[in-house]
Amino acid sequence: MSLPLVPAPTHLETRPGNGFVITENTALVAPPGVARYAARLLGLGLDADGDAADTVELALGAQPGEAYTLTVDADRVVIEGSVAGLVRGLATLVQLRNLADGAIPALRIEDAPRFTRRGLMIDVVRHFHGPATLRRVIDLMAAYKLNVLHLHLTDDQGWRFHSASRPELTGLSSDTAVDGAEGGHLSAEDLTALVEYAAQRGIEVVGEIDMPGHSNAALHAVPELNRDGVAPEVYTGTEVGFSQFTLALPATAGFLTDVIGDLAALTPGPYLHVGGDEVHTMERAEYDEFIEAATALTVAAGKTPIVWGEGAVADLPAGALVQLWDTNSDPAPIVAAAQRGIGVILSPAKHVYLDMKYHDDYPLGLAWAGTVGVRDSYDWDPEQYLPGVDPSAIVGVEAALWTETLATEEDLFTMLLPRLAAVAEVAWSAQVVRDWETFAPRLAAHEPLWAAAGYPHEAQTVSPAG
Ligand code: TNX
């Protein structure tokens, strides 16, 4: 083991000579797009007159996308890349500093991501988790070079973002959560601020309105969306598959246009997720027609749609992505969609559903996909996951944290750590630079960093035994 970086960089070479110590006299030199974030992250002042002796220098370079190079020698640290690459290089520098006792060793790193989309989904519906918690989640994601925060914003139990054209959604359907827990929602200001906070850290926020199923909260707030015109009661259980939107009703298309438009306006990124999972009340033809309408409305709102795996059966617009999750169902429709040119995000539950229990008698979490130990999260190759699918169709890997059983911030982080760091390496690091034997001790070295940063985490699972 050279240095316990997670995710492992593509290329790392330690060099002879003294390393670099970041002190309060170290000055930062950085271009505008990243200077303020870097100064705050490193706790350094900007070198206004350019005469500091020891510098951390961020320089715009020709590296594509999120690629960066980082060199450390005795009198300076230089990171080079685009603004996105500099942000990733900063995450590496922070780890090097936090892991070092004393000087950061002299070295050169050349690094670039394996997959372009490296995500985490958080369900803020079953239990509401608000902006302060989500900012801590974003910080953790940035530390491990993840770049997509997917917020599951609507479900049977609640509607969690303010829709300007349909304020009754949060008005009537946001105060409750699973088992009588307190609800809540993100105001337009909350979501906008979160999107900006994430963007500074190189993270895109993708909002999800789950449909046609998982829609009881909307059906409760808007009676005309129901076949009998009668709004169902608030739902606080954890069953799935019983609610649905009905495209044939006169109110439905206008409703979908409004809420998709509102979410599109609040999330400036290119994608919008329209769900599509676990609809147990529709025939295939009705389901297909619904997904085709919902994805067309998404395109009309200026976004590219993402759907859960079930949606792969529909005729999806160009550029749409399918997110595989259900490891108990036949992936054939997703394989077929990939062969038609649809990109696939891999969220296989048995590897990256971080709401699964670590082991059988673990107090938190579910177990429908089995238990998910750290090694289960780590030991798989996304490009080998779907036989028959060309590796170029795999656009990314996304961990998911459903919150039926996760009521507190402590619950969230305890499920995320250490497994999120494992998924981050799966998504970032080339297959050739990673294996469990070298990963386990690197991961163990991060436990004190989480402790120092006050992140609750599961400790005893960080062992080579998994
Ligand atoms: C399946 S994953 C669901 C969610 C549950 C989750 C629990 C997916 C697209 N649907 O509604 O919360 O399992 O693990």
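**Exercise 1. Describe the stretch 115-430.**

Solution. Over residues 115-430 the chain is 34% helix and 16% strand. The end C-alpha atoms of this stretch are 9 Å apart. Helices (H or I, at least four residues) and strands (E, at least two) are DSSP runs, numbered from the N terminus. An unreviewed UniProt entry annotates residues 115-430 as "domain: Glycoside hydrolase family 20 catalytic"; such annotations may be inferred rather than shown by experiment.

The model is predicted: local features need pLDDT of at least 70, side-chain atom pairs count only at pLDDT 80 or more, and totals for chains, interfaces and linings use all residues. Residues are numbered from 1 along each chain as its sequence is written, and side-chain values use heavy atoms, with hydrogens and water left out.

**Exercise 2. Trace the barrel: in what order do its strands close?**

Solution. Start with pairing: two strands pair if DSSP finds at least two bridges between them. The order is S8-S9-S12-S13-S14-S15-S16-S17, 8 strands with parallel pairing. From one strand to the next, the twist averages 30°. Angles run from 0 to 180 degrees between N-to-C directions, with axes fitted to C-alpha atoms, for helices over the stretch in contact.

Now take one pair. Strand S14 (residues 304-308) is joined to strand S15 (residues 321-324) by 3 bridges. Val 307 has Val 322 in S15 as its bridge partner.

Helix H14 (residues 419-428) touches strand S8 (117-123) and strand S17 (394-401). Its direction makes about 175° with that of S17. Contact means heavy atoms within 4.5 Å.

**Exercise 3. Find the edges of the open sheet.**

Solution. Write the order: S1-S7-S5-S6-S4-S2-S3, 7 strands with mixed pairing. The edge strands are S1 (11-14) and S3 (45-46), each pairing on one side only. Look at S3: 2 bridges join it to strand S2 (residues 27-29), and the two run parallel. Ala 27 stands opposite Gly 45 in S3. Helix H1 (residues 32-42) lies across S2, S3 and strand S4 (55-60), at about 155° to S2.

**Exercise 4. Which helix gives the most to the lining of the largest cavity?**

Solution. On a 1 Å grid over the protein atoms alone, a cavity is a set of points where a 1.4 Å probe fits but cannot get out; lining residues have an atom within 4 Å of a point. The structure holds 3 cavities of 30 Å³ or more. The largest has a volume of about 40 Å³, the space filled by probe spheres set on the points. Its lining includes Asp 156, Asn 216, Ala 217 and His 220. The helix is H6 (residues 216-221), with 3 residues.

Terms used: On a 1 Å grid over the protein atoms alone, a cavity is a set of points where a 1.4 Å probe fits but cannot get out, and a pocket is an open set with protein on both sides within 12 Å along at least five of seven lines; lining residues have an atom within 4 Å of a point.
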